[in-house]
Amino acid sequence: MPGRSIRARNRTARWLTETFQPPVVVTVQLLLSPLIQDGFPATMAYGALAALFVCVVPLLLLLVLVRLGKVTDHHVSDRRQRLPVLLMALASILAGLAVLAAAGAPASVFAMVLAVVGGVVVLAAVSPFWKISGHAAAISCSAVVAVLMLGAAWLPLLLLVPAVGWSRVVLRAHTLAQVVAGSLFGGVVMAGIWWLLRAWLVP
């Protein structure tokens, strides 16, 4: 029975980790980003364009690196490999910002992408020294932003933050401190950047 319980726990943790991994969570966040401006849902196309450069292209490049044996896995479990991967993602995001500007994307999409840029820059700076949880940062930022955008009825989304954090600790991908730091960074700093940019950029 104890062995079966441990296997069930690990399966649940792996499901949470894979289902709510940063590329998936941030893609949904970007698709919904134009919600606060007129034109939604037609403007979701701009969110999809942003997700292409912020999530899809970096993930595809990462999978190629994994295939070539340059990176351990798609979660970049080895802290030493994180900085170049994050810089690669940052380059793709900056290219995406240029494309979004040329396409005339809504300010709400820019606000969300720039909040992500802030997160990637900080994670890249911290990663050589400490393995802060990107999963925790992504889910906490997305949950807090969703509540701010959609209202108090969506507060239950915040329950995903401890659930995903628990999965990362159970799988021994992070310590509790790294998960807590990631959650606070995403929910306070990244969501705060989005809130300030929204007030500044969105009419």
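**A walk through the model: cores, serines, rings and cysteines**

Let me start with Ser133, which is in contact with Arg168, His174, Gln178, Val179 and Gly182, leaving aside its neighbours within four places in sequence. Contact here means heavy atoms within 4.5 Å. Ser133 sits in the loop between H5 and H6. With a relative accessible area of 0%, Ser133 is buried. For that word, buried means under 20% relative accessible area, exposed means over 50%, and partly exposed is in between, with a 1.4 Å probe and protein chains only.

Before I go on, some housekeeping. This is a predicted model, where local features need pLDDT of at least 70, side-chain atom pairs count only at pLDDT 80 or more, and totals for chains, interfaces and linings use all residues. Residues are numbered from 1 along each chain as its sequence is written, and side-chain values use heavy atoms, with hydrogens and water left out.

Okay, another serine. Ser140 is found in helix H6, and at 3% relative accessibility Ser140 counts as buried. What does Ser140 touch, not counting residues up to four places away in sequence? Val161, Gly182, Ser183, Gly186 and Gly187.

Now the nonpolar side of things. The largest nonpolar core has 41 residues, and those with the most contacts inside it are Leu30, Val54 and Val113. Such a core is a set of buried Ala, Val, Leu, Ile, Met, Phe, Trp, Tyr and Cys residues joined through side-chain atoms within 4.5 Å. Which elements give two or more residues to this core? They are H2, H3, H4, helix H5 (107-126), helix H6 (134-150), H7 and H8. H5 provides the largest share, eleven residues. Take Leu30: leaving aside neighbours within four places in sequence, Leu30 is in contact with Gly47, Ala50, Ala51, Val54, Cys55, Met112 and Val113.

On to the record. The unreviewed UniProt entry annotates "transmembrane region" over residues 12-32, 44-65, 85-103, 109-130, 137-164 and 176-197. UniProt positions are in the numbering used here, feature names are shortened, and annotations may be inferred rather than shown by experiment. I checked two of those stretches in the model. Residues 109-130 are 82% helix and 0% strand, with the end C-alpha atoms 30 Å apart. Residues 176-197 are 100% helix and 0% strand, and there the end C-alpha atoms are 30 Å apart.

Next, rings. How many aromatic pairs does a search of the whole structure find? Two. Trp15 and Phe20 form an edge-to-face pair, 6.1 Å centre to centre with 85° between the planes. Trp15 counts as exposed because its relative accessibility is 51%, while Phe20, at 17%, is buried. Trp194 and Trp195 form a tilted pair, 6.1 Å centre to centre with 55° between the planes. Trp194 is at 1% relative accessibility, so it counts as buried; Trp195, at 41%, counts as partly exposed. The rule: rings of Phe, Tyr and Trp (its six-membered ring) pair if their centres lie within 6.5 Å, with planes under 30 degrees apart stacked, over 60 edge-to-face and the rest tilted.

Cysteines are quick. The whole structure has zero disulfides, a disulfide being a pair of cysteine sulfur atoms within 2.5 Å. Cys55 is in no disulfide, and the nearest cysteine sulfur, that of Cys141, is 12 Å away. Cys55 is buried at 6% relative accessible area, and Cys141 is buried at 2%.

Phe40 and Pro41 are joined by a cis peptide bond, with omega about 15°. Pro41 is in the loop between helix H2 (22-32) and helix H3 (44-67). Val76 is not a glycine, yet has a positive phi of about 50°. Val76 lies in the loop between H3 and helix H4 (82-103), and is buried at 6%. Arg172 is not a glycine either, and has a positive phi of about 60°. Arg172 lies in the loop between helix H7 (160-170) and helix H8 (176-201). Is Arg172 buried or exposed? Exposed, with a relative accessible area of 78%.

Definitions and conventions. Helices (H or I, at least four residues) and strands (E, at least two) are DSSP runs, numbered from the N terminus.
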